[in-house]
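Hi everyone, thanks for making time this morning.

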Amino acid sequence: MTEENNMTEGANRGDAPSEQVPAEEAKQEDRACKVDLSEKASPPAAEEVAFVHPEGGWGWVVMLASMWCNGSVFGIQNSFGLLFVSLLKEFGSEDDPDLRFRTSWVGSLSMGMIFFCSPIVSIFTDIFGCRITAVGGAAVGLVGLLASSFVKSLGVMYFTYGIVFACGCSFAYQPSLVILGHYFKKRLGLVNGIVTAGSGIFTITLPFILSDLLEKVGLQNTLRVFCILMFVLILAGFTYKPLLPAPESQTGRFSISRIFNMNIWKSMGYRIWAFGIPAALYGYYVPYVHLMNYVQERFGADANKEILLLCIGITSCLGRFIFGSVADFVKGANKVFLQVISFLIIGVMSMMIPLCHIFGGLIAVCLLMGLFDGCFICIMAPIAFELVGAKDVSQAIGFLLGLMSVPMVAGPPIAGFLRDKLGSYDMAFYLAGIPPIIGGILLCLIPWVEARNKRKQKKDGLSKEQDVSQKMIEHEKAQEDANNKTGDSVL
């Protein structure tokens with residue numbers, strides 16, 4: 001009896017641990033499930049707490065430096081209409097049937113290369129940072145502009161001014177947009193408006209300075225004076241002190257996926273934006289190149305053509321302040337509607353240029369074009385932040401500007417070709433107004449696509465939460481069953 005009791009007790013003791021194993025495994029799985037749930041829930045909060053934008057401080061100095069960058073780069077580009085007239089006198093003759101076509105390539109290459117280099121600039125910015133990229137770019141731009149002042153033929157000018165100078169400007173320009181996201185978030189729209197207003201301010205002042213310089217010292221010495229702007233731009237680049245954590249490519253861990261960031265193309269809204277804006281820009285740069293020559297042909301050489309650039313500059317500056325502030329109050333992807341309105345009005349105004357039979361009408365057209373040009377430019381960076389987020393914004397802006405290079409290069413030479421063949425700019429300006437209207441209509445799809453994606457993500461998030469809750473319930477039930485079995489075995 002005693003032996004039998006002992007054997008029975010020993011058997012019960014031996015069986016109990018084996019029955020407890022499922023219960024312990026169920027507890028571990030339950031803990032793992034809870035830890036996994038907490039890990040899934042924690043990253044957003046961690047990201048929010050990880051970095052707080054200063055919304056000021058040294059950021060105001062960075063903002064002024066970026067403003068100088070925008071002003072010096074695009075002030076010179078927007079004033080190319082006056083350089084265009086001077087280049088016609090310097091390198092061509094009226095007997096040349098393709099004179100305007102060949103000369104317009106200087107300005108088109110310059111503006112196009114600024115945008116064409118942008119994808120490469122975004123990679124350099126990710127690898128070396130904003131400061132090194134901007135300073136190096138400004139130095140290259142200085143060399144290109146100085147070399148252009150010694151050029152004696154259009155062919156060489158294509159290289160020195162259209163490629164070297166423009167590439168340097170591109171490497172200096174894009175970091176000036178990216179660095180603002182390190183210092184501002186709530187005020188990003190307003191700050192972008194102020195920064196991009198720099199080109200408006202320079203566009204107001206440079207035409208008058210440029211006219212006097214071209215008249216008194218000639219084209220070559222004028223380009224040498226402009227080198228001062230690029231030297232100051234080198235100094236401005238040193239203020240770009242980064243605050244956000246350095247990406248892997250800056251910390252030495254290189255990877256193809258990090259250097260060539262494909263995440264931005266997963267956003268349908270960004271894809272529409274990246275192809276819709278270039279579609280709208282085939283006629284965008286045509287007035288900046290050909291308007292001065294058009295006025296001279298239409299209203300005579302004595303017409304005060306510089307006043308038109310002044311009008312575009314003033315209202316463009318106002319537009320950037322006004323719409324930059326408005327963009328801060330427009331939520332999410334709906335900011336795109338501001339660009340839609342801009343393109344529609346710019347397209348209509350381009351078509352109105354040949355219909356202006358008095359100089360006052362042309363002034364009114366330029367005032368409206370400048371206002372909505374400022375709107376289009378100042379909200380590019382805020383829209384990029386909305387569509388792809390701060391982490392991927394550098395390459396998002398870079399690829400967009402790169403795609404913009406094709407219409408920027410193609411538009412003005414096509415307009416010059418039409419002028420040489422038809423003897424008038426009328427058809428060129430009519431056709432220049434069509435692409436902005438088409439592009440604006442295409443951009444209307446973005447808010448709808450983004451809203452649909454958010455609804456889908458919200459639905460997927462709810463289903464995941466339900467799956468996790470169901471899993472936890474199943475684990476708790478399994479734990480209770482295991483405890484019940486353990487109790488039965490003990491009894």
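The structure holds 20 aromatic pairs. Rings of Phe, Tyr and Trp (its six-membered ring) pair if their centres lie within 6.5 Å; planes under 30 degrees apart are stacked, over 60 edge-to-face, and the rest tilted. One of these pairs is W60 with F184, which is tilted, at 5.1 Å centre to centre and 55° between the planes. This pair links distant parts of the chain: W60 sits in helix α2 (residues 58-78), and F184 in the loop between α8 (180-183) and α9 (188-216), 124 residues apart. Helices here are DSSP runs of H or I with at least four residues, strands are runs of E with at least two, and both are numbered from the N terminus.

Buried means under 20% relative accessible area, exposed over 50%, and partly exposed in between, with a 1.4 Å probe and protein chains only.

Next come Y161 and F165, also a tilted pair, with 5.1 Å between centres and 35° between the planes. Both lie in helix α7 (residues 154-178), four residues apart, about one turn of the helix, and both are buried.

A word on the model: it is predicted, so local features need pLDDT of at least 70 and side-chain atom pairs count only at pLDDT 80 or more, while totals for chains, interfaces and linings use all residues. Residues are numbered from 1 along each chain as its sequence is written, and side-chain values use heavy atoms, leaving out hydrogens and water.

Back to the rings: W265, Y270, W273, F275 and F399 are linked by ring pairs into a cluster.

Now the core. The largest nonpolar core has 131 residues, and Y161, Y270, W273 and M404 have the most contacts inside it. Such a core is a set of buried Ala, Val, Leu, Ile, Met, Phe, Trp, Tyr and Cys residues joined through side-chain atoms within 4.5 Å. Helix α7 gives the most to this core, with twelve residues. Setting aside neighbours within four places in sequence, M404 is in contact (heavy atoms within 4.5 Å) with residues including F115, I277 and F376.

To finish, the whole protein: there are 21 helices and zero strands, and 53% of the 491 residues count as buried.
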